[in-house]
Amino acid sequence: MKIVDFIIPEKLPDARAALLELGEKGIPAAGCTAFQFYADGPERTAVLLNRLDLAGIRSTPEAFVIGAGTPLTTLHRFEAEGWALNGVIAQIASHQIRNISTLGGNIARVFPWADLPVALLALDGKILIQGREPRTYTVDQYFKTQPATLFTPGDLLTSIEVTPLAPNTGFAHVKQRMKSESFSMATASARVTIKDGIATDCRAAIGACIPFPTRINAIEEALAGSDPSDRPALDQAVTATLKPLSFLSKEGMSKDYIRHLAATTLADAIQQAAQDAQRRLS
Ligand SMILES: Cc1cc2nc3c(=O)[nH]c(=O)nc-3n(C[C@H](O)[C@H](O)[C@H](O)COP(=O)(O)OP(=O)(O)OC[C@H]3O[C@@H](n4cnc5c(N)ncnc54)[C@H](O)[C@@H]3O)c2cc1C
């Protein structure tokens, strides 16, 4: 892809109209940090989204409603009861990239190293796309395959709703990198609800080490009713539930090494989420 021109609309309908008219020759552009990862190819006109009033975070009793154009730095600095994304954003790339990358850009086209799809799968929530009609997807529906395939020309991601953590629920996001700004070899997120030291509910997801981020339903089921601080039992359950998955070889490491790394990373995320739940309870 080669950007040869750009348009800066002031309103959402104008941006959609420009993209509809351009068809395959147009591309939505938020922070533009991902464009360097696109293979060389056809010429495109970028339709910039940064004047569309798509940035900001609003709290409702059911969800944090985040505009798709919200920079990652804003998500990092935001504070509210039940908000859990600070620790995810702190682990993404560098300050410079977080200042201009947006939440929408991170999840409209999912790259293998992307952190937010993994975190959102664990946290639960909804994704809103404005097309001819507005459409809402649960995170499970949205991240079933590459979400870029859900968009037709003129469609724009407008907001993301993230479920807040309940008081007895904790969250953790863990990733493994060779160096602090390297791409992840294995990423895991977990949300765990605790009652009397026992996990009553869990959502867990992994990414980077497999072809596409996914929830690990088998560990969620295995964990219910167990004590997540029992690390040997947790390690055993995680290893068993990851067995059917195909892992990618990364950074010169074998697939088998990455499988072990993913198991440790997922167990760490679950244990840290359970500890976070205990901390929030006390
Ligand atoms: C060196 C480097 C390292 C990085 N490391 C990480 C990392 O470890 N973890 C991580 O999570 N991220 C990382 N990132 C960021 C990530 O790879 C993307 O570059 C970034 O999230 C894209 O955000 P953006 O706002 O710049 O989107 P853009 O680059 O503007 O757009 C990305 C894609 O989304 C589409 N798009 C954007 N907004 C919308 C919208 N509202 N509606 C529909 N389509 C839209 C665009 O058309 C494009 O296809 C890294 C980036 C760089 C440059």
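Which helices and strands each supply at least two residues of the shell around the ligand? In this predicted model, three elements do so: β2 (26-29), α5 (103-108) and β8 (156-162). Of these contributions, the one from α5 is the largest share, at four residues.

The shell can also be described residue by residue. There are 31 residues around the ligand. Those that come nearest are Ala30, Gly31, Ala34, Gly105 and Asn106. By class, 21 residues of the shell are nonpolar. Another eight are polar, and two are charged.

The position of the ligand follows from the domains. Domain 1 spans residues 2-47, and domain 2 spans residues 57-162. Both domains give residues to the shell, so the ligand lies between them.

One of the elements that supply the shell, β2, also belongs to a sheet. Strands of a sheet pair through backbone hydrogen bonds, and the pairing is either parallel or antiparallel. Here the sheet is open and has three strands, in the order β1-β3-β2. Their pairing is parallel. The edge strands are β1 (2-7) and β2, each of which pairs on one side only. From one strand to the next, the twist averages 35°.

The pairing of β2 can be followed in more detail. Its partner is β3, which covers residues 43-48. The two strands run in the parallel sense and pair over four bridges. Within this pairing, glycine 26 stands opposite threonine 45 of β3.

Note on methods: Residues are numbered from 1 along each chain as its sequence is written. This is a predicted model: local features need pLDDT of at least 70, side-chain atom pairs count only at pLDDT 80 or more; totals for chains, interfaces and linings use all residues. A residue is near a molecule or strand if its C-beta atom, placed from the backbone, lies within 6 Å of it. Ala, Val, Leu, Ile, Met, Phe, Trp, Tyr, Cys and Pro count as nonpolar, Asp, Glu, Lys and Arg as charged, and the others, Gly among them, as polar. Domain bounds come from an automatic or database domain assignment. Two strands pair if DSSP finds at least two bridges between them. Axes are lines fitted to C-alpha atoms, for helices over the stretch in contact, and angles run from 0 to 180 degrees between N-to-C directions.
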